[in-house]
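Subject: Structure handover

Hello,

Please find the structure below. My notes on it follow.

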Amino acid sequence: MNESSRPVLAIRGLSTEVQTRRGVFRAVDDVSFTVPAAGKVALVGESGSGKTMTALSVLRLTDPGVRIVAGVVEFKGQDLLLLRENQMRHLRGSELAMVFQEPMTSLNPMLSVGYQIVETLRAHQKISRKQAKQRAVELLHRVGIPSPSTRVDAYPHQLSGGMRQRVMIAIAMGCRPSLMIADEPTTALDVTIQGQILDLFEQIREQDGTATWLITHDLGVVAGFAEHVLVMYAGQIVESSPVKELFRSPLHPYTQALIQCVSAVGVDGTTRHTRLPLVEGRIADIESRPSGCRFRPRCPRAHEACLEDPPWVEKAGRGARCVLLSEKEP
Ligand SMILES: Nc1ncnc2c1ncn2[C@@H]1O[C@H](COP(=O)(O)OP(=O)(O)O)[C@@H](O)[C@H]1O
Ligand SMILES: [Mg+2]
């Protein structure tokens, strides 16, 4: 495979276990998917489905007590799970960037945003402090921060939530990464700003060829952004589909339910004023998942066959983990 057709990220059979007081549980269970070079892939699912744990496993930033037990995480052809910690540290923040929902990674409140951008640039590139400062101003300009040469000296608390997220993105894009992992990057922001932030990822892709792996619980956010969507439920990928087909004809009953929730309020995200109504029922706690199909207790189409583990059924570039797809329609 040549450089341009090779996916930037290829995850195969990734499984991650967490240790709790009651035992060891699989937060990420045999997850496989790819992010094409300069592509836009979204991982969607309710809170608790294992999205963040998947991202943290890829970045090898999981907590102690969390163990990656199987899988291959190929980033530009090399398995990240085999790298030494110092090699991994070098990749994070340079070729492999990340942006999280604000409260998780917030900026250091004691340091100006310019200083924080300069530090990251200088950690990965041989440039002088003066050059780095100049580049910081450029980056702030590129992420749409007004008067960047003044704002570069601002402290995080002097900026709005949306501006702070733009600074995070400026830091992430500083070294022209091949892949940006964005975990709920717009969740804390209002709807208008959400759209602007997603536009920004699109711009970065066009200008730098940076692929985006967007993680969100909100299928409405996905509609206007991603090319390919992965739906996660209780630690497993339950559907994988190009975005148009996903909305036109969702294969998995869980995806169908999610889409009904979104279409009740419009998928463009602009007409929405309230949180989405949730799919009826609750995602099973990691410690008490049902056997067989994990969505079974909430599924309107559940029947006896769903007591067995559902097969992964693929057709025409799409796939879903549901027995209905392998049964003949009556
Ligand atoms: N450090 C941890 N130790 C134990 N369990 C965890 C830890 N982090 C997450 N979990 C559990 O793993 C599951 C997946 O969590 P997470 O990946 O954060 O979900 P999501 O990002 O989809 O909301 C949840 O059941 C959560 O309670
Ligand atoms: Mg999460």
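Which helix gives the most to the shell around ligand 1? Helix H1 (residues 51-59) does, with three residues; helices (H or I, at least four residues) and strands (E, at least two) are DSSP runs numbered from the N terminus.

Some conventions before the rest. This is a predicted model, in which local features need pLDDT of at least 70 and side-chain atom pairs count only at pLDDT 80 or more, while totals for chains, interfaces and linings use all residues. Residues are numbered from 1 along each chain as its sequence is written, chains are lettered from A and ligands numbered from 1 in the order in which they are written, and side-chain values use heavy atoms, with hydrogens and water left out.

Ligand site

Ligand 1 is surrounded by 13 residues, and Gly48, Lys51, Thr52, Met53 and Asp63 are the closest (near means a heavy atom within 4 Å). By class the shell has five nonpolar, five polar and three charged residues; Ala, Val, Leu, Ile, Met, Phe, Trp, Tyr, Cys and Pro count as nonpolar, Asp, Glu, Lys and Arg as charged, and the others, Gly among them, as polar.

Oxygen atoms of ligand 1 make polar contacts (pairs of N or O atoms within 3.5 Å). A polar backbone atom of glycine 48 is 2.7 Å from a ligand oxygen. For threonine 52 a polar side-chain atom lies at 2.8 Å, and for methionine 53 a backbone N or O atom lies at 2.8 Å. Taken alone, ligand 1 exposes 560 Å², of which the protein buries 68% (Shrake-Rupley method, 1.4 Å probe).

Eight-stranded sheet

An open sheet of eight strands runs E6-E7-E8-E3-E9-E10-E12-E11 with mixed pairing (two strands pair if DSSP finds at least two bridges between them). Strands E6 (96-100) and E11 (312-315) are at the edges with a single partner strand each, so one side of each has no neighbour in the sheet. The twist averages 20° from one strand to the next (axes are lines fitted to C-alpha atoms, for helices over the stretch in contact, and angles run from 0 to 180 degrees between N-to-C directions).

E6 pairs with E7 (residues 179-183) in the parallel sense over five bridges, and valine 99 has alanine 182 of E7 as its bridge partner. Helix H7 (residues 161-173) packs on the sheet and touches E6 and E7, its direction making about 170° with that of E6 (contact means heavy atoms within 4.5 Å).

Four-stranded sheet

A second open sheet has the order E2-E1-E4-E5 with antiparallel pairing. E1 (residues 9-20) and E4 (residues 66-75) are joined by eight bridges, with glutamate 74 in E4 as the partner of alanine 10. H1 lies across E1, E2 and E4, at about 110° to E1.

Regards

Key. Polar contact = N/O pair within 3.5 Å; in protein donor to acceptor, adjacent residues only side chain to side chain.
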